[in-house]
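Morning, everyone. I have one structure to go through, so let me put it on the screen.

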Amino acid sequence: MLAEPITRLLLEYGQCNAQDTTRTAQLMVVYGTGVWAICAVPVIVRASSALDDRRTPVNAGLILVLANLAGNLALVWWLGEAGLVTATVAVAAVQAVVLLGLFARQYGLLWQPLLLCLFRCVAASLAMLLVAALARPLVTEGDSVAVRFAAVFVPLLLCATGYLVVYYLIGGREVAMLLERKGK
């Protein structure tokens, strides 16, 4: 929901125009759908490496690099630059699921806490989406840097607050743990 205001704030100066902003914002939306996977893969790879298994992530990565290349070549002609991003996000999602499955099979995982955390994150994200929808119209449109800044950071601050409050209210302990550590 904030892809276009963020892109406008960061890029729409000089050589970059409104059409460029729209195209770039569309790419941000696609990347946004896969941010979970793009962040999860390095964590799973590090966990495997910490347990002295470097081969599994490397082998899976090599296969998926080829899949990404094939996806890029197939989708770039149909979707343009969005095809490249779509292939990258899809392959990252597959890689995260495959690596997590292999890790779970090899080392075991406590699925209940993981799924509970996932539920909390999804619920808080949906609340954040609602806050974004309600907050975005609060800021007027304009071309000044101050207006562009406000169009990004007012909804962003409200979204972050909404996420953290909902996450905490539905039993997320991590926020309290961070606050405890900061006080020590």
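Start at leucine 99. Leaving aside residues up to four places away in sequence, Leu99 touches Val41, Ile44, Val45, Thr56, Pro57 and Ala60. Please keep in mind that this is a predicted model.

Leu99 also belongs to the largest nonpolar core, which has eight residues. H5 gives the most, with four residues.

Next, the pair H6 and H7. Helix H6 covers residues 111-135 and helix H7 covers 145-169; their axes come within 8 Å and cross at roughly 145°. The crossing of H6 past H7 is right-handed. On the H6 side, the residues making the contact include Cys117, Arg120, Ala124, Met128 and Val131. H7 contributes, among others, Pro155, Leu158, Gly162, Tyr163 and Val166. By class, the residues of this contact are 15 nonpolar, two polar and one charged.

Now the whole chain. There are eight helices and zero strands. The C-alpha trace spans about 55 × 50 × 25 Å along its principal axes. Of the contacts with a separation of 6 or more, 63% are between residues 24 or more positions apart.

Last, the surface. How much of the chain is buried? Buried residues make up 27% of the 184 residues. The chain exposes about 12,200 Å², and carbon and sulfur atoms supply 71% of that area.

Conventions
Residues are numbered from 1 along each chain as its sequence is written. This is a predicted model: local features need pLDDT of at least 70, side-chain atom pairs count only at pLDDT 80 or more; totals for chains, interfaces and linings use all residues. Side-chain values use heavy atoms; hydrogens and water are left out. A nonpolar core is a set of buried Ala, Val, Leu, Ile, Met, Phe, Trp, Tyr and Cys residues joined through side-chain atoms within 4.5 Å. Buried means under 20% relative accessible area, exposed over 50%, partly exposed in between (1.4 Å probe, protein chains only). Helices (H or I, at least four residues) and strands (E, at least two) are DSSP runs, numbered from the N terminus. Contact means heavy atoms within 4.5 Å. Axes are lines fitted to C-alpha atoms, for helices over the stretch in contact, and angles run from 0 to 180 degrees between N-to-C directions. A crossing is left-handed if the near helix is turned anticlockwise from the far one by less than a right angle, and right-handed if clockwise. Ala, Val, Leu, Ile, Met, Phe, Trp, Tyr, Cys and Pro count as nonpolar, Asp, Glu, Lys and Arg as charged, and the others, Gly among them, as polar. Accessible areas come from the Shrake-Rupley method with a 1.4 Å probe; for residues, only the protein chains shown count as cover.
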